[in-house]
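Please open the structure in your viewer and keep the selection tool at hand. The tour goes from one selection to the next, with a short account of what is there at each stop.

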Amino acid sequence: MQDIMKSAKSLKSELIEIRRALHQHPEVGRSLPWTKNFIIKKLKEYGYEPREMGGSGVVATVQGGEKGKAILLRADMDGLAIKEKAPVPFAAQGGTMHACGHDMHTAMLLGAAKLLRQYQSHIDGTIKLAFQPDEEGFTGAKEMIEAGILENPHIDAGMALHVHSGAPSGTVICGVGTCLSGCTLFRIRVKGKGCHGALPETGVDPINIAAHIYLALQAINAREVSPQTPVVLTMGKFSGGEAPNIIPEEVVMEGTIRTMDRELASQIFTRMEEIALQTALMFRGSAEVEEMASVPPLHNHAGMVREIAGYIREAYDPDRVIFSEKGVMASEDFASYTYEIPCCYLLVGAGSPQEDELYGKPMHNNCVVFNEDVLPLGGFLYAYGAVRWLQSH
């Protein structure tokens, strides 16, 4: 097993080819037909018998000589509705792109799939590979869990990777404990009564109501939550009206609540409902508040993270494996798995601007570029981490 890194590096050109094919065919949401069929074809080439699960999800297993325990390796594979402007020859040409690196993750897990076939005699148990849709919409993990991804066989632990734009290439960042925030996506629909802008007294202005709601919501952070507790309430969409001289019937606002505490997120949503409804009523209008989707905070099992990191250091530069106990306010739907089984979620540095001026753009940016040199590393992390964990359990 000590030469697995060398084997992973030998896959570099193949993984780059896979990643670029995925990058040029980005699909969004729960239905990813091209991506699903591409992954199924590759897995069959590697000797697997893949099956579909949870819409466009794909699952395959590799069994070792000993029955033992079972570990899940998960990669997300959906893109975003963003038009790519990255200056690379393989940029996506439509109105969607892989702006969060999910094409990198999928290629890494396919690399691990090939490595696990090569090192199958070292597997003491079962490794289940899960290619998951709709991470961005926060439905993919929940649907895979509901569809039975953690059973047949019963899964004892889970592992996932995510590339980190801006971190030096090849660093492995190991978050300990609650390392990513939960996120609730919400919509507030404010209804008034449309009228001519010259006669505001004949209508009810939903823009005025929505503006007061927006300002009032800022007081939740400032006056209802401890300053030592991280909370981010962001309104990313504020839409209403079609003409400058017409008061519209309706305004729609959409945003996110991010916290490190599931219960606090629920409390904030309740307060947001109260503020929106009462503010609208005060100005003779009405409001509806709905949760569009949500994901809990991601909890990395401290023992498992330290264990997996220890294994990685056996066959990789130990100075590039970094621990972090500081959480960040980004969100990831792998979090849903972390409340079912012990999980290890690692970040893989994929390029800083000091290495190349193309690198370092934030995730979800239309010009983000990831360093493809880290693809073999991802395949190694998945495969070696899983095999060594099974050997020790």
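Begin by selecting Cys100, Arg258, Ala330, Ser331 and His364, which, among the 30 residues that line the largest pocket, lie nearest its centre. Keep in mind throughout that what you are looking at is a predicted model. The space in this largest pocket comes to about 830 Å³. If you now colour the strands, you will find that β5 (157-164), β6 (172-175), β7 (177-180), β8 (182-191), β12 (250-259) and β16 (343-349) each give at least two residues to the lining of the largest pocket. Colouring that lining by class instead shows 15 nonpolar residues, together with 10 polar and 5 charged ones.

From here, move on to the second largest pocket, which holds about 250 Å³ of space. Its lining is made of 18 residues, and the ones to select are Lys142, Arg262, Ser294, Val295 and Pro296, the closest to its centre. At least two lining residues of the second largest pocket come from each of α5 (140-146), β8, β12, α7 (262-282) and β13 (286-295). By class, the lining of this second largest pocket is divided into 8 nonpolar, 5 polar and 5 charged residues.

Ile207 is found in helix α6, and because its relative accessibility is 35%, Ile207 counts as partly exposed.

The remaining stops concern charged side chains. Side chains of opposite charge can pair when their charged atoms come close.

Select Arg30 and Glu143, a salt bridge whose closest N and O atoms are 2.3 Å apart. Since Arg30 lies in the loop between α2 (12-23) and α3 (33-45) while Glu143 lies in helix α5, the pair ties together parts that are 113 residues apart in sequence. Arg30 counts as partly exposed, because its relative accessibility is 48%, and Glu143, at 22%, counts as partly exposed too.

Then select Arg189 and Glu250, which form a salt bridge with their closest N and O atoms 3.2 Å apart. This pair links distant parts of the chain, with Arg189 in strand β8 and Glu250 in strand β12, 61 residues apart. Arg189 has a relative accessible area of 23% and is therefore partly exposed, and Glu250, with a relative accessibility of 29%, counts as partly exposed.

Now select Glu325 and Arg306, whose side chains meet in a salt bridge of 3.2 Å, N to O. Here Glu325 sits in the loop between β15 (321-324) and α9 (335-338), whereas Arg306 belongs to helix α8 (residues 302-315), and the pair links these distant parts of the chain, 19 residues apart. Is Glu325 buried or exposed? At 62% relative accessibility, Glu325 counts as exposed, because that value is over the cut-off of 50%. Arg306, with a relative accessible area of 40%, is partly exposed.

For the last stop, select Arg19, Arg20, Asp103 and Glu372 together, as these residues are linked in a network of salt bridges.

Note on methods
Residues numbered from 1 in each chain as written. Predicted model: local features only at pLDDT ≥ 70, side-chain atom pairs only at ≥ 80, totals over all residues. Heavy atoms only, no water. 1 Å grid on protein atoms, 1.4 Å probe; cavity = no way out; pocket = protein on both sides within 12 Å on 5 of 7 lines; lining within 4 Å. Points joined across faces, edges and corners; volume = space filled by probe spheres on them. Helix = DSSP H or I, 4+ residues; strand = E, 2+ residues; numbered from the N terminus. Nonpolar A, V, L, I, M, F, W, Y, C, P; charged D, E, K, R; others polar. Buried < 20%, exposed > 50% of the residue type's maximum accessible area, 1.4 Å probe, protein only. Salt bridge = Lys/Arg side-chain N within 4 Å of Asp/Glu carboxyl O.
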